[in-house]
Amino acid sequence: GAAGAGASSPAVAGGRRPRRARRGVTLLELLVAMGVLTLLGTALIVALRGGLATWRRSEARRSSFETAQAVLGQLRDDLEALVVPDDAPPGETTRVEARLLCDTDDAGRQRLFLVRTITAESEHPITGLAGSTVLGDRVIDSRDDLAEARASRLRATGGAQEVAWVLGSDAVLYRGYRAPIGSPGSLFDAQGAWALAPTPVARPGAPAPADALGLAPGGPEAGGDEDDAPPGPALLRPFAAEVLWVELRFWTQFTTTWRSGPCLRNPTDREESGPLDYWDSTRALLRPADPHPRHVHLFRGPASLQDPRDDVFPQKVYVALTVRERPEAGTSTFLARPLGATDREVWLQDASRCPPDGGHVLVDQEWIRYERVDGDALVVAPDGRGARGTEPAEHQGEVVVGRTFELVVAVPAYREDWSDRWWEAR
């Protein structure tokens, strides 16, 4: 029996196994594998697109935060370094060195002019060389300052400089500085807005376009030689782009709230006294056209210009800065229907991009203040059309919300004037 079993399996005796039949991939298995790979690839693409969108949005917002940080940081530094008023009696000084002026141009944009101290003057590579010779004939004004310092042509600064902030119509915020302070070529004189007007004015008139940007006619920007340029203001250099709005409010000795409203001399217990939207530390240059007997104003008379004893400075300054962001940031949208000049609702394609509790939007060249978001529409405030000095008009374009940054700066040079007998206005 054993011999017969061995003879019947020669392949096993020789050490070889029978070859198994190979099994291929079925069509169903191939389709399932392709479906799984497609799902994984789609999920990966969606995740990458979401991540890229988030990254682009963050980058767009980061640029606006950097702009706001630079502007608000420099504004804080300027306001905190204001020159303290001189208490010398009248007649013993011929130049008022302490000055803070804020007015509004014809377009409703505020302009800020001030005199501040120079920080770390002796350590700076330019200001440290100013006044090294008695033959200095140039000023520090951002035009070839380093070359003039090396040539010992800069005049001594006296430790103070003039600073101007102007928002242009091109959404560019300009800043200029000049040292030493005073005429000729002072930033205050060159504007032509601080000369005493023969008739009462609510605000100084807007200067000529060249002066508004601090451009001296015939200077380098006009194609001439800087050495041949007539005396003029220092150039205002672009400081930040895509700045839609800058708002300043000043806290007086009578102010009780930052909300906009009249600044009252003698508010009742149920009334609030708002801040001022202008400032004149000299109390001699900005005269209200028709002052209300209960409203605070700073003007006292032309004699106050040379009397530093009645100069006043705000306790605090509120700064609001609105910056235009790139479309990726999601702070702009479009009108869903044309907007008439008298419409009280603004219909948007995406109203969720606007703050729900009210604010401002820019449609073409018109600022509109709205009270709230109602579905896909903005409910315009009673006086919201043509806000911020603009004019109501018809629109059918982009609606820019922007991003607004706020800052409150405490002014060390704060100075009240309790000789202002406000109770006599009752």
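Tutor: Let's start with S64, which is buried because its relative accessibility is 2% (buried means under 20% relative accessible area, exposed over 50%, partly exposed in between, with a 1.4 Å probe and protein chains only). Bear in mind that this is a predicted model: local features need pLDDT of at least 70, side-chain atom pairs count only at pLDDT 80 or more, and totals for chains, interfaces and linings use all residues. Residues are numbered from 1 along each chain as its sequence is written, and side-chain values use heavy atoms, with hydrogens and water left out.

S64 sits in helix α3, a helix that covers residues 27-80 (helices are DSSP runs of H or I with at least four residues, strands are E runs with at least two, and both are numbered from the N terminus). Setting aside neighbours within four places in sequence, S64 is in contact with V323, E325, R403 and F405, contact meaning heavy atoms within 4.5 Å. Then there's T322: 258 residues separate S64 and T322 in sequence, yet their C-alpha atoms are 9.3 Å apart. For the whole chain, of the contacts with a separation of 6 or more, 65% are between residues 24 or more positions apart.

Stay on helix α3 and look at R57, which lies in it too. R57 is partly exposed, because its relative accessibility is 32%. Together with R49, R56 and R61, R57 forms a positive surface patch. A patch takes residues with over 30% relative accessible area and no salt bridge, joining like charges within 9 Å and nonpolar side chains (Val, Leu, Ile, Met, Phe, Trp, Tyr) within 5 Å. Lys and Arg count as positive, Asp and Glu as negative, with His and the chain ends not counted; each charge is placed at NZ of Lys, CZ of Arg, CG of Asp or CD of Glu.

There's a nonpolar surface patch as well, made of V25, L27, L30, L31 and M34, with about 530 Å² of accessible area together (Shrake-Rupley, 1.4 Å probe, only the protein chains shown counting as cover for residues). V25 belongs to the loop between α2 (10-13) and α3, and it counts as exposed because its relative accessibility is 66%.

D78 and R175 are both buried.

E242 and R324 pair up too, at 2.9 Å, N to O. Their link runs from the β5-β6 loop to the β8-β9 loop, 82 residues apart. E242 counts as partly exposed because its relative accessible area is 37%.

A further salt bridge joins E366 and R385 at 2.8 Å, N to O. E366 is in strand β12 and R385 in strand β13, 19 residues apart. Both of these residues are buried. As for shared partners, salt bridges join D77, D78, R116 and R175 into one network.

Zooming out, the structure holds 20 salt bridges, and the chain has six helices and 15 strands. Of its 426 residues, 43% are buried.

Technical notes. Salt bridge = Lys/Arg side-chain N within 4 Å of Asp/Glu carboxyl O.
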